[in-house]
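Welcome! Here is a friendly briefing to read alongside the model.

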Amino acid sequence: MKTAGKAVVMRDAFGQALLDLAEKIPELVVLDADVSASTKTAGFGQANPDRFFNVGVAEANMVDIAAGMATCGLRPVVSTFSLFLTLKGADQIRNTICYNNLPVVLAGGYGGLSDSYDGASHQSILDVAMMRALPNMVVIVPADAVEMQQSLRLAIRRNGPTFIRICRNETPTLFEDAAPLEIGKIRKLRDGSDVTIGVCGVPTSMAMQAAERLARDGIAVDLLEIATLKPLDVEPLVQSASKTKKVLTVEEHTIYGGLGGAVAEVLAQHAPTKMDYVAIQDRFAESGDYAALLAKYGISVQAIVEKAKALAGR
Amino acid sequence: MKTAMATRGQPAQILAEKNRGKKAAMMQYLAQKFRADVFDLLHEKGTGHWGGASSVAELLTALYFDVMAVRPEEPRWPDRDRLVLSKGHASAILYTALANRGYFPVEELNTFRQLNSRLQGHPCMNETPGVDMSTGALGHGMSVALGMALAARIQRKKYWTYVILGEGCLDEGQTWEAMMAAAKFKPERLVALIDYNGFQLDGPSNEIMPLAPLFDKFHAFGWKVSPTEWNGHSIREILKSFDWVRQQKEWPVVVVYKTQKGRGVSFTQDTHKFHGAVIDDQSYAKGQPELMQTLAELEAAL
C-alpha cells in the first residue's frame with residue numbers, strides 16, 4: 001500500500017477539472033448558487049461565460065434549470081454546498097432529475113464537516129442518506145482529488161444523475177498512481193483476515209494508517225475503499241465479510257443512512273455479520289478546526305483502531 | 001357515453017385548414033370535444049382532476065393544433081417547440097390533446113391512471129410520447145422551461161418554450177426564483193402562460209393566497225407582460241394573444257388568460273369543489289348534457 005502523496009485542496013481540483021473538461025465536452029454547462037468563489041466553479045465561468053449560470057441563492061431553481069437543459073442535450077454540473085443542494089433542492093432532485101433519469105451531475109461542495117468553522121448550519125453530514133434514497137441516483141464519495149476528478153469525468157458522460165461529494169479542504173492524494181476509479185467498484189487496499197474495514201471519502205487515509213497500526217498489533221485488516229455508495233459493489237463486500245466475520249465502516253456522515261447503513265443493508269441480506277461504525281452520532285456538530293472537529297466527533301485513526309480492535313476481540 | 005366527432009372538427013381537417021377564422025371555429029369545437037371526453041374519462045375512471053383540466057382545454061388545443069411546431073411521429077425531435085404543463089394535475093386534458101394530435105392511440109386514453117398504463121396520474125416524460133417534462137409537484141415548471149430556453153440559446157436553436165402555470169404554481173416560491181432568473185438571463189422565445197382561473201384546491205385564490213396585483217408583480221420581476229387578460233376560453237382571443245407574443249422583441253414574456261375552473265358545467269365552474277373530486281354518477285348525469293349542448297352549438301357553427 002502506497003503512502004499518502006501530497007495534499008491537494010479538493011475544491012481547487014474540482015474547479016480545475018471543470019476547466020479542463022470545458023473544451024472536450026461542448027455540452028458541459030455549469031450552474032452555481034452564488035458560491036462559485038467558494039466551490040471554485042468561478043474559473044469555469046470566467047473562461048466560459050456563455051455556459052455558466054450563477055442563479056443566486058436559489059438552489060431549487062438551479063436544479064430544475066439544469067433538468068430542463070439536460071432534456072435538451074446539455075450536460076449540466078450543478079454546484080453548491082452539499083447541505084443546501086441536497087436539502088433545498090431535494091424535491092427538484094427527486095421529482096425532476098431522478099424521476100426522469102436525467103444526466104445531471106450534482107456536485108456537493110463543502111461535504112461532511114469540511115465547512116468546519118461555519119458550524120452545524122453548513123455541515124453536510126446527511127447528504128449521502130438523502131441521495132441514497134433516490135431511485136436512479138449514483139452516489140460517489142471520493143477519497144481524494146484524483147478520485148474526485150475521475151468520477152466527475154465519468155459522471156458527466158453518464159446517462160443518468162450522479163451525486164459527487166467534494167471536500168472543501170486539503171486532502172492527501174492517495175490514488176495518483178492507482179488504477180482509475182470505476183463507478184460501482186470497490187477498491188481493495190489491503191488483504192487481511194481478521195477484520196474488514198470499509199471506508200469512503202476523506203477518512204480513507206485515516207483508515208489506511210489505522211490498518212498499518214493494527215498490523216503492528218497483529219490484526220490483519222481487509223481494507224476496502226468504497227467510493228461508490230450506490231450502487232454498492234456487493235460481491236467483494238460479501239466475500240470480505242464472509243472471510244473476516246467482522247466489519248467496521250468508516251465515514252464522515254451520521255450513523256444513519258450513509259456507508260454504514262448501506263453496508264449493513266447488504267450484509268443483513270447476504271452475509272449477516274457483526275458490525276460497528278466510525279461515524280458521527282445522531283447529533284449536530286459545531287465550529288472548529290477541521291481535523292480537530294473530525295476527531296471530536298469520532299472520526300480519527302485512534303477511533304478506527306479502537307473500534308477495529310474491539311470488533312476483533314482484542 | 002362517447003360522442004362521435006363531427007367530420008369538420010376532425011384533427012386532420014383542422015391541421016390542414018388554411019382559413020384562420022374557420023380554423024378557430026373548428027378548434028373551438030375541438031376543445032369542447034376534448035373537455036367532454038375528459039369529463040367522460042374522469043367519470044369512468046373515478047379519479048383525476050376535472051377543474052384544472054377543463055380550464056386549459058382551449059389553451060392546450062390552440063398550442064397543439066396551431067401554435068406549436070411539433071412532430072407527433074417524432075416526439076423527441078430536437079427542434080420541436082416545448083411545452084411544460086407545470087400544473088401537472090391537468091394531465092387528462094393534456095393526454096387527450098396529445099392522443100388526438102397523433103402521439104398515441106386515442107383508445108389508450110382509457111388506461112388513464114390504471115396499472116401498467118403510459119398515462120400516469122401526473123405527466124411523465126419517459127412514459128407518454130409528447131410529454132416534454134414530468135410534472136405534478138407544483139412550482140417546478142418555470143425553472144425547467146427556463147433551462148430549456150437557455151439550452152436553445154446555447155445550442156443556437158430557434159424553438160419556443162411554453163410553460164403553463166396555475167395559481168398553485170404561483171404560490172410556490174421556486175416559481176418566483178425562476179421568474180427572477182429568467183429576467184436576468186432573458187432567453188429568447190420563453191413564454192409563460194397563466195391559467196388564471198381564480199381557484200385552487202382549498203378555495204378561491206383570493207382567500208387561500210391572494211396573488212393580486214399579479215400583472216404588477218410580473219412587471220416588477222422584469223417580464224414583458226401581456227397588455228390584457230385574454231379570454232382563455234376563446235380560441236380567437238388565444239390566437240390573438242399568440243399574435244402579440246410573436247411581435248415581442250424583449251424576453252421573457254408572460255401572458256395571462258382569464259379562465260374558469262371546471263368550465264362548461266354549471267355546478268363545477270368557478271368553484272374549488274371539483275379540483276380533484278370524483279365525477280360521480282349524479283354529477284355526470286347532470287353535467288354531461290350541458291357539455292353536449294355547448295358542443296352541439298359549436299358544431300352547428302362550423
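How many of the residues in strand β4 (residues 75-81) of chain A are buried? The answer is 7 of 7, so β4(A) is mostly covered. Here a residue is buried if 20 or more other C-beta atoms, placed from the backbone, lie within 10 Å of its own, exposed if 12 or fewer, and partly exposed in between.

This is a predicted model, in which local features need pLDDT of at least 70 and side-chain atom pairs count only at pLDDT 80 or more, while totals for chains, interfaces and linings use all residues. Residues are numbered from 1 along each chain as its sequence is written, and chains are lettered from A and ligands numbered from 1 in the order in which they are written.

**Strands around β4(A)**
- Strands (E, at least two residues) and helices (H or I, at least four) are DSSP runs, numbered from the N terminus.
- Strand β2 (residues 28-32) of chain A runs parallel to β4(A), joined by 5 bridges; two strands pair if DSSP finds at least two bridges between them.
- Within that pairing, A:Val29 has A:Pro76 of β4(A) as its bridge partner.
- β4(A) also pairs in the parallel sense with strand β5 (residues 105-109) of chain A, over 5 bridges.
- There, A:Phe81 is bridged to A:Gly109 in β5(A).
- In a regular strand, side chains alternate between the two faces of the sheet.

**Two helices that pack in chain A**
- Helix α1 (residues 10-24) and helix α8 (residues 145-157) of chain A pack at an angle of about 35°, with axes 9 Å apart. Axes are lines fitted to C-alpha atoms, for helices over the stretch in contact, and angles run from 0 to 180 degrees between N-to-C directions.
- Residues in contact have C-beta atoms, placed from the backbone, within 7 Å; among those that meet are A:Phe14 and A:Leu21 in α1(A), and A:Met148 and A:Leu152 in α8(A).
- The residues of this contact divide into 9 nonpolar, 1 polar and 1 charged. Ala, Val, Leu, Ile, Met, Phe, Trp, Tyr, Cys and Pro count as nonpolar, Asp, Glu, Lys and Arg as charged, and the others, Gly among them, as polar.

**Where chains A and B touch**
- The contact takes 24 residues from chain A and 23 residues from chain B.
- On the side of chain A, α4(A) gives the most, with 9 residues.
- By class, that side has 11 nonpolar, 9 polar and 4 charged residues.

**One residue in chain B**
- B:Glu297 sits in helix α12 (residues 281-300) of chain B.
- B:Glu297 counts as exposed because it has 11 C-beta neighbours inside 10 Å.

Methods:
Contact = placed C-beta atoms within 7 Å.
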